[in-house]
Amino acid sequence: MTPSAHAPANTGFFRIRQWPHIVKELPWRVKGTFLLLWALLSMAILVVAILLTEESRQQQFDAASLHIKKTLEERLLICETAVYGFTELSAANYGMDKLRFRQYAQGIGNRYPYIYLMGFQPKVSLAERENYEASISFQRYQPFFIKDYQGNGDPGWLNSQLWRPSPARPFYIPLVDAEPPSANQYNFMQGLDILQDAILGPAVQRAIRSSEIEITQPYQMREGGHGFGFVKAIYAEGVAPTSPDERISAAIGVITVGIKAETLLAMQSGNAQQLSVRLTPTMPTQAMPAITIRQPQAATSNSWLGELLFPARYSEVSIDRDYFPYKLSITRPTSPGHIPWYLYALAMGASALINALLLLIAASQHNERLQSEHYHDTLHRERQQAMVTLENIDDAVLVMSRDLQVEYLNPKAALLLNVSAPLAIGRQLGEIWRLRFDLAREAVLDPLQTCLQTGQKVDLPENAYIDQGGKVFYVEGTVSPLPGPDGIMRGLVITFRDMAPLRQRMAEALERSEERLKQHQAELARVARINTLGEMTSGIAHEINQPLSAIVSYNEACLGLLEDEEPDRILLISALRSSVKQAQRAGHIVKKLREFVASKQAEFVPVDLNQAVLNIVTLIEPELRGHQVQVKTDLAAALPLVFADTIQVEQVILNLCKNAMEAMMETEGEHRLFLYSEQRGNRVRIGVRDNGPGMPEEVRSRIFQPFFSSKSQGMGLGLTISHTIIENMEGVLCADNLPSGGAEFYFELPVMNTPYESEGVSV
């Protein structure tokens with residue numbers, strides 16, 4: 001029978017419904033032939049389906065093996081990073097900063113569960129052993145001794161009879177440091193001399209001689225499973241000697257990081273969990289036993305056909321880590337139940353439908369694989385394009401977390417900041433990025449904190465520059481928020497550029513900077529004259545009193561001469577001329593005073609004293625360079641603000657710096673000027689030190705008196721004015737000699753109170 005001419009174009013479902021009737025009308029011979037062909041076709045379809053499925057399973061097996069390899073390599077890299085991070089902490093502090101070690105280990109342990117133990121184990125000589133054991137016992141309130149483990153198996157660790165005090169040796173490396181606190185379950189091993197231990201000792205000795213990371217032999221862990229350790233030696237001065245024998249004597253201890261092997265290779269992927277994973281030594285001669293990480297229950301096959309159609313798979317994968325002495329052995333067991341049994345019935349009952357379904361399944365699998373590959377290729381290509389763009393653009397880019405820890409910097413940023421990109425990753429931004437502001441009279445808000453608080457893009461100020469160990473370059477750029485997958489800001493992105501290539505803009509900025517410098521210097525000079533008037537009042541009376549007294553004396557002498565019967569005209573004229581000169585002298589003093597004074601009230605604002613110091617260093621830099629004076633600053637971070645007049649404070653700093661320069665010019669040799677800031681209680685101190693001749697005791701006791709000067713041409717008012725300025729700001733100004741030679745002048749101002757900041761008081 002044939003379908004009707006009026007049947008729909010898509011007649012597949014209609015024909016399936018008509019099959020029983022069609023089959024009933026066929027001759028038995030045709031039916032038998034059809035059934036035989038149908039069976040053969042079903043078997044062929046089933047075999048093709050099995051072959052296609054096995055190909056897919058092979059691809060899944062290869063992908064799972066590669067996933068296990070990549071995951072293991074990434075986690076080993078994380079372990080290396082943890083070792084090097086702990087090594088830097090230990091080398092810098094020689095194992096003394098326990099709080100930082102504990103916080104570091106706690107953070108690593110929480111984030112990476114396969115790292116269960118970290119610690120710095122010191123080297124102890126035979127001569128130090130007794131005192132060291134007594135010190136640890138006193139610290140822990142329990143007996144402590146360096147010991148050896150005499151047993152052959154880990155189950156005997158808790159047997160106290162298998163632990164013996166270590167015999168006399170040139171030196172030991174006892175196990176004393178186990179972080180984080182969750183590692184306390186291994187306290188029974190405290191004191192174990194890991195240098196001579198049968199399992200850990202060979203790796204420790206290799207680590208000391210090679211100065212590289214070494215892996216210990218695997219060991220059975222107390223709670224079950226396998227473990228092994230990363231070992232890295234630390235040397236005195238932080239540098240490993242060239243000779244391996246010298247490294248033994250120079251070593252001060254080792255870093256140990258304990259790894260759980262099963263957790264290290266724990267996979268979330270369902271395909272990976274169905275595989276058998278073993279770690280086998282890369283060299284058969286190595287004294288390293290194989291480790292079976294996971295052995296799932298294999299489905300057994302009772303027929304040779306099942307084993308032929310569903311064979312087991314095996315693969316050996318090398319690990320790209322030179323120090324890791326293992327390779328991965330991955331096995332997929334036989335699983336004859338992988339093909340659903342209903343496919344056999346469908347293949348026998350409806351070969352055409354089975355063939356269509358299998359083709360759809362194969363096409364779907366192939367399409368999914370192509371889409372996955374296309375997605376990964378696209379993602380990889382876009383990521384590569386983004387990385388190439390970031391690494392080749394002329395702008396510097398810094399990416400950091402919310403706590404300002406560097407996560408990425410492109411080559412331009414590494415070049416401008418003079419750091420190595422791998423070493424900068426993970427460091428705090430303040431260690432490589434020191435942003436300053438040129439000639440800022442008031443406190444400038446930190447653009448990073450502003451961006452964190454507002455969540456908006458912030459432009460760097462026009463007068464921003466970066467100080468890289470004395471090398472200064474001006475920058476422009478922005479600080480932008482970096483959103484996470486959930487849309488919440490997870491960090492910041494700084495983009496900045498060196499202004500040097502922009503010649504025209506730099507020239508204009510330089511012109512504006514010079515103008516600001518001139519205005520600043522004029523303002524300083526004017527304010528100095530204002531403040532000088534207050535201190536000159538007492539001295540001016542003395543200065544004018546001298547010519548007035550002389551005038552009175554001369555006039556009285558003239559009156560006496562006139563009373564004589566025959567006055568001496570020559571003597572009278574001489575006295576009158578002297579009187580005129582003294583009057584002219586007094587008039588000259590008054591004239592100079594008028595020219596010197598211009599009235600203006602002090603303006604009190606929040607002042608960053610660190611910025612004031614940097615402003616003055618910028619102002620006097622040409623003069624310092626001309627006198628060959630070396631300047632060094634040590635400015636405290638997060639210095640509180642003070643409530644003061646910016647110009648007057650800078651006038652005091654400028655006066656102290658110039659006095660120091662003039663004092664150093666009296667001596668030969670190298671001239672050094674040192675400026676520092678620090679917080680002392682509720683006050684902020686600014687100090688200026690020089691390596692000049694210092695001050696005699698009689699000079700130091702009168703240094704702040706008006707019109708007292710140790711200089712032949714000095715007026716004796718500079719320090720008096722500075723002293724008055726600081727006192728008017730409720731501060732103190734002091735002077736003293738340094739024990740190493742030279743003098744130190746410093747002043748202290750009170751930390752600004754919050755009400756003044758909000759009210760904006762101006763005095």
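**Helix α5.** I looked up which residues of α5 (201–210) are buried, and in this predicted model they are G201, A203, V204, A207 and I208. Buried means under 20% relative accessible area, with a 1.4 Å probe and protein chains only. Helices here are DSSP runs of H or I with at least four residues, strands are E runs of at least two, and both are numbered from the N terminus. I take the arc from the directions that run from the helix axis to the C-beta atoms. An α-helix has 3.6 residues a turn, so residues three or four places apart point the same way. Next I checked what these residues pack against: β6 (214–215), β8 (226–235), α6 (244–250) and β9 (251–260). Contact means heavy atoms within 4.5 Å. S211 follows α5 and has a positive phi, near 65°.

**Ground rules.** Residues are numbered from 1 along each chain as its sequence is written, and side-chain values use heavy atoms, without hydrogens and water. Local features need pLDDT of at least 70 and side-chain atom pairs 80 or more, while totals for chains, interfaces and linings use all residues.

**Helix α14.** I went to α14 (447–454) and found P447, L448, C451 and L452 buried. They fall within an arc of 140° seen down the axis, so they line one face of α14. Their cover includes β16 (435–437), β17 (458–459), β19 (471–483) and β20 (489–498). At the start of α14, a side-chain oxygen of D446 comes within 3.2 Å of the backbone nitrogen of L448. Just after the helix, G455 has a positive phi of about 70°.

**N410.** I found N410 in the loop between β15 (406–409) and α12 (411–417). Its relative accessible area is 0%, so I noted N410 as buried. A polar atom of its side chain lies 3.0 Å from the backbone oxygen of D395. The N410 side chain also reaches the backbone nitrogen of A413 at 3.0 Å. Leaving out residues up to four places away in sequence, N410 touches L390, E391, I393, D395, A396 and V397.

**Strand β27.** I counted 7 of the 8 residues of β27 (743–750) as buried, so the rest of the structure largely encloses this strand. β25 (683–690) runs antiparallel to β27, joined by 7 bridges. Pairing takes at least two DSSP bridges between two strands. V684 has L749 of β27 as its bridge partner. β26 (732–737) pairs with β27 in the antiparallel sense over 6 bridges. D736 stands opposite E744 of β27. The hairpin of β26 and β27 has 5 residues between the strands, and G741 there takes a positive phi near 105°.

How values were computed:
Buried < 20%, exposed > 50% of the residue type's maximum accessible area, 1.4 Å probe, protein only. Polar contact = N/O pair within 3.5 Å; in protein donor to acceptor, adjacent residues only side chain to side chain.
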